[in-house]
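Thanks for coming. I will go through one structure today, starting with its pocket and then moving to the rings and the core.

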Amino acid sequence: MAAGTSNYWEDLRKQARQLENELDLKLVSFSKLCTSYSHGSARDGRRDRYSSDTTPLLNGSSQDRMFETMAIEIEQLLARLTGINDKMAEYTNSAGVPSLNAALMHTLQRHRDILQDYTHEFHKTKANFVAIRERENLMGSVRKDIESYKSGSGVNNRRTELFLKEHDHLRNSDRLIEETISIAMATKENMTSQRGMLKSIHSKMNTLANRFPAVNSLIQRINLRKRRDSLILGGIIGICTILLLLYAFH
């Protein structure tokens, strides 16, 4: 019976790790899609200005469909991982050995932390993508209005040219901001990975400390015996010294 429950717990852990690996890969691709969306839109805008015959290989609508598909897949994986964590929680509540429960609860908490980090990263990336898409739609509308005005008037006056140059400057500034955000996201991923490593090291140290409590007790007993022997030896030396002094003066 115990072997069956142990196999059930290991199966849940295996499923959780598999889903976590899939989520990690999906979130990396999702973040790259968000980062490339604004860059691709900027390139498309330059193509529209200088060449009306050029059609991008991956336009905004294709990226939007890819975004919706990946978002649905990630949400499904998060839901499945949440279900696995709930099953693991039910198992820890039903287990009857207190020491085993402590180890299981520690493992469950680690999986819950990973789920929370992935959920937060997904919602943050999704919100960034939506904000970039709304900004790109707004800038594209402004660009179309400018082109419409130019074609309708038939005159490229100085004011319109200055406005277009200023628009290009704003686009370059947005591109630099997006690159900075990408660097910050990469830094955040590295910090998350380092935190996971530190948690793993801390967990292993706690496991070793809990596994060998008798060693700590034995070391304490040895230290106490050494201290007692030192006190006895010091007392004997002191008594002998006093007796020698009394013998010498008498």
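**The pocket, the rings and the core**

The lining of the largest pocket has 23 residues, and those nearest the centre of this pocket are Ile114, Tyr118, Thr192, Ser193 and Gly196. The biggest share comes from H4, with eleven residues.

Before going on, a word on the source: this is a predicted model, where local features need pLDDT of at least 70, side-chain atom pairs count only at pLDDT 80 or more, and totals for chains, interfaces and linings use all residues. Residues are numbered from 1 along each chain as its sequence is written, and side-chain values use heavy atoms, with hydrogens and water left out.

Now the terms. A pocket is an open set of points on a 1 Å grid over the protein atoms alone, where a 1.4 Å probe fits, with protein on both sides within 12 Å along at least five of seven lines; lining residues have an atom within 4 Å of a point. A volume is the space filled by probe spheres set on the points, which are joined across faces, edges and corners. For the largest pocket that space is about 660 Å³.

What classes of residue make up the lining of the largest pocket? There are twelve charged, seven polar and four nonpolar residues. Here Asp, Glu, Lys and Arg count as charged, Ala, Val, Leu, Ile, Met, Phe, Trp, Tyr, Cys and Pro as nonpolar, and the others, Gly among them, as polar.

Tyr118 sits in helix H3. Its relative accessible area is 14%, so Tyr118 is buried; buried means under 20%, with a 1.4 Å probe and protein chains only. The C-alpha atom of Tyr118 is 8.1 Å from that of Leu78, 40 residues apart along the chain.

Next, the chain as a whole. It has five helices and zero strands; helices are DSSP runs (H or I, at least four residues), strands are runs of E of at least two, and both are numbered from the N terminus. Of its 250 residues, 24% are buried.

On to the rings. There are five aromatic pairs in the structure. Rings of Phe, Tyr and Trp (its six-membered ring) pair if their centres lie within 6.5 Å, and planes under 30 degrees apart count as stacked, over 60 as edge-to-face and the rest as tilted. Trp9 and Tyr91 are stacked, because their ring centres are 5.3 Å apart and their planes are at 25°. This pair links distant parts of the chain, with Trp9 in helix H1 and Tyr91 in helix H2 (residues 60-94), 82 residues apart. Trp9 is buried at 4% relative accessibility, and Tyr91 is buried at 10%.

Phe67 and Phe129 are also stacked, because their ring centres lie 4.0 Å apart with planes at 5°. Phe67 belongs to helix H2 and Phe129 to helix H3, 62 residues apart. Ring pairs join Phe30, Phe67, Phe122 and Phe129 into a cluster.

Key. Buried means under 20% relative accessible area, exposed over 50%, partly exposed in between (1.4 Å probe, protein chains only).
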